[in-house]
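Reader: Could you walk me through one part of this model in detail, please? I would like a close look at the place where two of the chains meet.

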Amino acid sequence: MSTLVSGSTGDWEVVVGLEVHAQVRSESKLFSGASTRFGAEPNSQVSLVDAGMPGMLPVINRECVRQAVRTGLGLGAKINRVSVFDRKNYFYPDLPQGYQISQYTRPIVGEGSLRITMPDGERVVGIERIHLEQDAGKSMHDQDPSRSLIDLNRSGVALMEIVSRPDLRSGAEAAACLRTLRTLLRFLGTCDGNMQEGSLRCDANVSVRRPGGELGTRCEIKNLNSIRFLQQAIEYEAIRQVEVLEDGGKIIQETRLFDADRGETRSMRSKEDAHDYRYFPDPDLLPLELSEDFIAGIAASLPELPETRRNRFVSQYGIGEAEADFLVTEPEIADFFEALADGRDPKLAANWLTTELFGALNRAGLPLSKSPVDAGTLGGLIDLVADGTISGRSAKDVFSEMFETGQAAETIVDARGLRQLSDGAAIAALVDAVLAEHGDKVAEYRSGKVKLLGFFVGQVMKQTRGTANPQLVNEILRERLAG
Amino acid sequence: MSLDRETVRQTALLARIRLDEDRLERMVGELNGILAWIDQLNEVDTSSVAPLASVTGHALPTRADSVTDGNDAEAVLTNAPDRVGGYFAVPKVVE
Amino acid sequence: MSDLLDLDIAGASEALDARRVSSVELTAAYLDAMEAAAGLNCFVTPTPERALEMAEASDRRRARGESGALEGIPVGIKDLFCTCSIPTSAASRILAGFVPTYESTVTANLWRNGAVLLGKLNMDEFAMGSANVNSCHGPVENPWHRTGDGAGDRLVPGGSSGGSAAAVAARIALGATGTDTGGSIRQPGSFCGIVGMKPSYGRCSRWGIIAFASSLDQAGPLTRTVRDSAMMLGAMAGHDPGDSTSADIPVPDFEAALTGDVRGLRIGVPREYRVDGMPDEIEELWTRGRDLLAQAGAELVEISLPHTRYALPAYYIIAPAEASSNLARYDGVRYGLRAGGDEPDDMYENTRGQGFGEEVVRRVLIGTYVLSQGYYDAYYLKAQRVRALIRNDFDEAFGGVDAILTPTAPSDAFAIGEHEDDPIRMYLNDVFTVPSSLAGLPAISVPAGLSVRGLPLGLQLIGRMFDEETVFRVAGVLEQAAGFAHRPSGGA
């Protein structure tokens, strides 16, 4: 599949690299003991350190270090035994210290890679580095006519900046990369990946060039907060750059913002003088040294990663690749599936989960974590179908009620008298009664009007209010009518 | 290295310190004097020396991940020159 | 009353223990003396009510048989230490109105050990200066006067802990905290004829001390005697998990190190400290110090610290660089001064332009420049490499000696206003104190004699990293042998 953009003067190749800011899952901040919980009252989750009060000093949270290492290991990356925290100096009202503590020349994680799947095959995206840094606070510009308001709750929350190599060739590939990365982070438990709440943000560096030619000048599109916007922004930006170049213009290296309403990128006011960050090692901190044991301990506790789990689903359970892809988009789905498949037909389990349960969840607008039906309950329903207690037809009704009420399948089946009649003798008696009652129709059937079988089935089902096992009814009817 | 007036002006801008022309002029002279004096460092051969950023000799200590701080917006806001409710207020940021 | 003020910390502790005096009486005497000597401009925020409350509480504790290491001792605190509910200014306009809601670790340690707060002490703005003339509260006056000078001839107390040194010398505080980044405890100690101790970097927590240059800043005591210094440092020091650079090692009993015996110790005399243009009287004082220690049984050894002359220029890159970043938080958003402005950048420039004094502006600009793109390697990294060489010099020297003896400062106290238009001349005050600061080593200034103008002069002893004990041990002997008993003409 070609990812080239065709312009009026020929084809152009899009070159994209991502800088992903992933909020580290931790209770407290990177350098202070204030909470990281989302959505609290303004400035209520701020320590004196986060507020940049005079004389306050940072002390690093070791869980954040562990999370960065875990992420690095998940990306097969080199973990740096010694890394250094630097200060990135700039002024902004929501940056209380006047600098951000980050890692510049010596990040905690070095090179790794991420495999992504596109419709026409796999790509391997290089990961250049991951470093730990502090988030800034939040400025609100539209609450007061003359002032901007500052909330420092986010100030000091740990972020991992994950930087990819410029290995992506389209908006779609960038979207797949971010999606795959988000899934990985969720499996690792190092970031919740919630883009609405801002725990995952993405900047994209975009340039275009003649296929295989020299790299073009890039523009950075900042703060993309959904995968869809990422793709749209890159697609728009690539075409914009092609148009500029084909009109004989030049691309100016700059920072651009994506306007989601208009679906276009626009230049941020350029403040070139503000771009001297004067990085230097933070003298309040010492180099971070990791022991082999520390790293090995984390490696040993690494969960099964999405790619491995997907492959295992295909081989162990014999389900389709597309279905397996879906099942590993989130660790909760994969766990749900495995619980459901335990002791049951895995294909049936996958089908119930992906079709029925996700159908209902999507209609109700609920995530799996809020599902009224858990794996045990849904499994109970599947079991009742499998052992013939209820028919496949009633199962759908039972599921609907189960989704509404959260009740167990048995309870619903009993309350609604849906238990299937599978007693051969009882059905035979019913069949005999029906045949006796409709002697004329039996004669017609026997003279060749075999379509009447349906009529007899209908009569038997009617007598049993639909609970007779239709297969048995059919079997016995044929047997009797043949006789 | 010597600093011209424009460089000092840029440096002051980077440091967000407003200097009137008199003060700027004085700083140009003084900073040049100081930098010229500092330049004697160039006499030292440091080609085989690693920079020393910390003298303590111990490794970076770490803390446990628990919430031990915050929950006191008033302590954070009490010295604020301007505030609106629970927020710090600053002149409007022009984007 | 003046008898009471003559007691040093050790003497006052004895008198308190023996119930010859209460902390309230002692504190009241100091409060009176503070008022009488207000003209020295040592205290920027006296806290008489707090002092008496603390003294009463101390007396109650003592009555219950509870007694800390500095129980009932009234001290002054440099206004760089954040003190809960008491204005803390760093002697800068930019912190106008700032009242911390928290207490620095060092002062909290002092209060836990029973000390009583007399008030906050004047200093050079953000601890930048060597004369205590860079203060938004005005200059501090040294209680010492030149022989034959009139009452109107006022001398600087040194800096940046000038208020601390002058207060202790003038007997309006029994002891005081200072901070030392490049000499800010030792040089004013020398200028005021008292003992100033900068411990090893990491010995005292920096938590709650307004930062100047984080890799160099250390708190320490200014006291009248070496024994007081040992007592007070013991009450200030200790590991603090809130400061990542604080050393997780036990605090020794510094007072117990004062054995009075230096026999067999090897004392290094670095030839590079004999600098061009150094007054003869400094050279003579240094020689006298060597002779006194030799007479006491120490072995004096000439040593070489070859990179000494590069310490000061390296320091004037590193310290301003760190300061330029440390002082970025003073932006008018969350505390302190805010000047008007149409948008934040405007507000920042006005606030910082109005809020910072000349020397602070000078250093922030130097620091900003040396960190800026294209200059980082040439200046900052270069300076950190030179710093490594200086540290190596000391490491090698300490292979053969137990302590190093040098002058503290290249001159005696100068007049207020002198050298003010010559920043480099001012920086040269720290020529002997900066090398040990860059290396993080403990160093003390002990008054050892008078200049021809009748002003005190100190000698400096430098020790191995975290070996304050040897420094105190030698300092105690030097103090004893020098017998410095002179008193300033000003003060209480």
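Author: Happy to! Buried area here is the accessible area, taken with a 1.4 Å probe, that two parts lose on being put together, summed over both. Keep in mind that this is a predicted model. Between chain C and chain A the buried area is about 2800 Å², and carbon and sulfur atoms give 57% of that. In terms of residues, 39 from chain C are in contact with 31 from chain A.

Let us turn to the polar side of this interface. There are 16 residue pairs in polar contact between chain C and chain A, counting pairs with both residues at pLDDT 80 or more. One salt bridge is found across the interface of chain C and chain A. The partners are A:Asp284 and C:Arg206, whose side chains meet with an N to O distance of 3.1 Å.

Now for the side of chain C that touches chain A. Four helices of chain C, α10 (311–326), α11 (344–355), α12 (358–371) and α13 (376–397), each supply at least two of its residues. By type, the residues on this side of chain C comprise 19 nonpolar, twelve polar and eight charged.

A:Cys219 is in no disulfide either, with the nearest cysteine sulfur, in A:Cys202, 15 Å away. A:Cys191 is buried at 1% relative accessible area, and A:Cys219 counts as buried at 1% relative accessibility.

Note on methods:
Residues numbered from 1 in each chain as written. Chains lettered and ligands numbered in written order. Predicted model: local features only at pLDDT ≥ 70, side-chain atom pairs only at ≥ 80, totals over all residues. Heavy atoms only, no water. Buried < 20%, exposed > 50% of the residue type's maximum accessible area, 1.4 Å probe, protein only. Disulfide = S-S within 2.5 Å. Contact = heavy atoms within 4.5 Å. Salt bridge = Lys/Arg side-chain N within 4 Å of Asp/Glu carboxyl O. Polar contact = N/O pair within 3.5 Å; in protein donor to acceptor, adjacent residues only side chain to side chain. Nonpolar A, V, L, I, M, F, W, Y, C, P; charged D, E, K, R; others polar.
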